[in-house]
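Subject: Handover of a predicted model, with notes on its cavities, pockets and helix packing

Dear colleague,

Please read the notes with the structure open beside them.

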Amino acid sequence: MTMNAISRNIAAGTVQGQVDPAFAELADLFAANFDERGEVGASLAIFHEGRPVVDLWGGRKTADGEAWDAETISIVWSSTKGIAAVAAHHAVEKGHIDLDAPVAKYWPEFACEGKEEATVAMILDHSVGVPALRDPVRPGGFADFDYMCERIARERPFWVPGTRHGYHGHTYAWTVGGLFRRAVGVPLGDYIRSEIAGPLGADFWLGLPAGEHRRVAPMIYPADPLFGGKSRANHAIETDPAAPFTLMMTNDGGYDCNDPAYWGVEIGSLNGMTNGRGLATIYSALANGELLGADTVARMGRTASASHLDATLLMPMRFGSGFMKTTDNRSQPELVDCTLLMSEEAFGHVGFGGSIGFADPGARMGFGYTMNRMGAGVMVGPRAQLLIDAAYRALGYASNASGAWV
């Protein structure tokens with residue numbers, strides 16, 4: 001079936017693209033995000049059984065600037081982590097990395113201060129114990145890969161590695177990236193281009209060339225308080241300067257996602273550049289067995305760590321091996337934009353403020369949504385979740401009592 005062309009006037013300009021008639025509700029909801037939910041610029045893409053069924057974009061790159069077009073990209077914050085994890089599992093399947101091996105096998109300097117027994121798997125599932133750095137990061141430090149790897153390797157863990165999980169919001173860039181360079185021998189961003197994004201034709205960049213900067217939509221920081229302002233994490237940042245969450249949010253050497261000086265460097269936890277089509281293309285290849293073997297994809301989708309109190313975010317979280325899993329925090333009203341509802345088979349990653357890319361092998365679906373106006377939470381808000389819900393409805397799924405799609 002062919003897709004229908006879409007062109008609609010919205011508060012922020014126009015929405016354009018194509019939609020399969022079976023997914024027509026997605027076009028309505030995507031446009032409504034602009035008129036009813038404050039969207040400024042965004043993109044959405046969905047592949048089903050390897051075929052595009054939704055490809056939409058619209059709004060503006062800035063609140064009063066040029067139009068967001070089909071080739072616009074933006075930083076996707078922690079949605080980057082999901083693609084970094086795809087690269088790691090690709091390297092595992094190729095024999096470059098052993099998930100059960102000690103990190104010390106590849107990175108001897110990491111094996112100190114209580115991290116001697118830490119394994120590669122602990123890096124991916126956020127249980128390795130270095131979610132932040134205690135001593136100040138020097139100004140601009142996030143742009144110096146070797147400096148950050150040295151700092152991470154020397155850091156004393158906040159807990160015994162493997163005994164609990166705590167979101168490595170920033171440091172994942174150098175735990176995964178440092179391991180990757182030593183085990184595989186190439187930078188993570190180069191590997192993603194040569195082995196994943198390039199062969200798939202996916203517009204995803206970890207280390208954006210200067211010639212592509214013109215396509216970037218800067219991020220608009222959230223107007224609402226982080227997580228709604230009343231979470232345990234908010235309390236920690238107000239009262240405990242040594243808490244992992246406080247350090248994660250404040251000890252960043254002055255990092256600014258809208259500073260082009262950071263766009264060209266590899267920060268594998270937060271500065272991937274792409275759009276909905278780029279994310280959906282990669283995740284569709286996983287969902288349909290086009291990139292990695294069935295055993296690898298099954299491993300990627302398993303829940304690896306889960307807790308009622310993530311040691312960093314201080315809220316319930318569920319992780320796979322480098323990915324987020326469906327997590328229902330709707331019963332906790334103090335947690336704003338901190339829920340993600342997919343099927344239990346699905347795996348992917350949310351970016352701070354609401355972007356999302358995921359694969360659902362059972363549904364054979366790849367999903368990608370990006371935007372430039374950030375929400376308040378660490379997971380998705382209503383803009384993305386309504387689109388996810390509609391995608392599952394279009395495929396005949398129903399939401400069960402726990403919110404997961406079955």
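The structure holds three cavities of 30 Å³ or more, where, on a 1 Å grid over the protein atoms alone, a cavity is a set of points at which a 1.4 Å probe fits but cannot get out, a pocket is an open set with protein on both sides within 12 Å along at least five of seven lines, and lining residues have an atom within 4 Å of a point. Grid points are joined across faces, edges and corners, and a volume is the space filled by probe spheres set on the points. This is a predicted model, in which local features need pLDDT of at least 70 and side-chain atom pairs count only at pLDDT 80 or more, while totals for chains, interfaces and linings use all residues. Residues are numbered from 1 along each chain as its sequence is written, and side-chain values use heavy atoms, with hydrogens and water left out.

The largest cavity has a volume of about 60 Å³, and its lining includes Pro-131, Phe-142, Met-148, His-170, Leu-247 and Met-248. By class, that lining has eight nonpolar, three polar and no charged residues (Ala, Val, Leu, Ile, Met, Phe, Trp, Tyr, Cys and Pro count as nonpolar, Asp, Glu, Lys and Arg as charged, and the others, Gly among them, as polar). The second largest cavity, at about 50 Å³, is lined by Ala-88, Ile-97, Leu-99, Val-120, Ile-123, Leu-124, Val-176, Leu-179 and Phe-180. Two or more residues of this lining come from each of α3 (120-124) and α5 (172-184), the elements being DSSP runs numbered from the N terminus, with helices (H or I) of at least four residues and strands (E) of at least two. The lining of the second largest cavity has nine nonpolar, no polar and no charged residues.

Turning to the pockets, the largest has a volume of about 330 Å³ and is lined by 22 residues, of which Trp-77, His-170, Met-248, Met-249 and Phe-352 lie nearest its centre. Both α8 (244-250) and β9 (347-351) supply at least two residues of this lining, which by class has 15 nonpolar, five polar and two charged residues. The second largest pocket, of about 270 Å³, has 19 lining residues, with Arg-330, Thr-339, Leu-341, Pro-382 and Gln-385 nearest its centre, and its lining divides into nine nonpolar, seven polar and three charged residues.

As for helix packing, α2 (residues 79-93) and α11 (residues 294-301) pack at an angle of about 140 degrees, with their axes 11 Å apart; axes are lines fitted to C-alpha atoms, for helices over the stretch in contact, and angles run from 0 to 180 degrees between N-to-C directions. The two helices α2 and α11 are therefore oblique to each other (under 35 degrees counts as roughly parallel, over 145 as roughly antiparallel, 65 to 115 as roughly perpendicular and the rest as oblique). Their contact, meaning heavy atoms within 4.5 Å, is made by Val-86, His-89, Val-92 and Glu-93 of α2 with Thr-296, Arg-299 and Met-300 of α11.

Helix α2 also packs with α10 (residues 276-287), at an angle of about 40 degrees and with the axes 11 Å apart, which makes α2 oblique to α10. Here Gly-82, Ile-83 and Val-86 of α2 meet Leu-279, Ile-282, Tyr-283 and Leu-286 of α10, a contact of six nonpolar, one polar and no charged residues.

With best wishes
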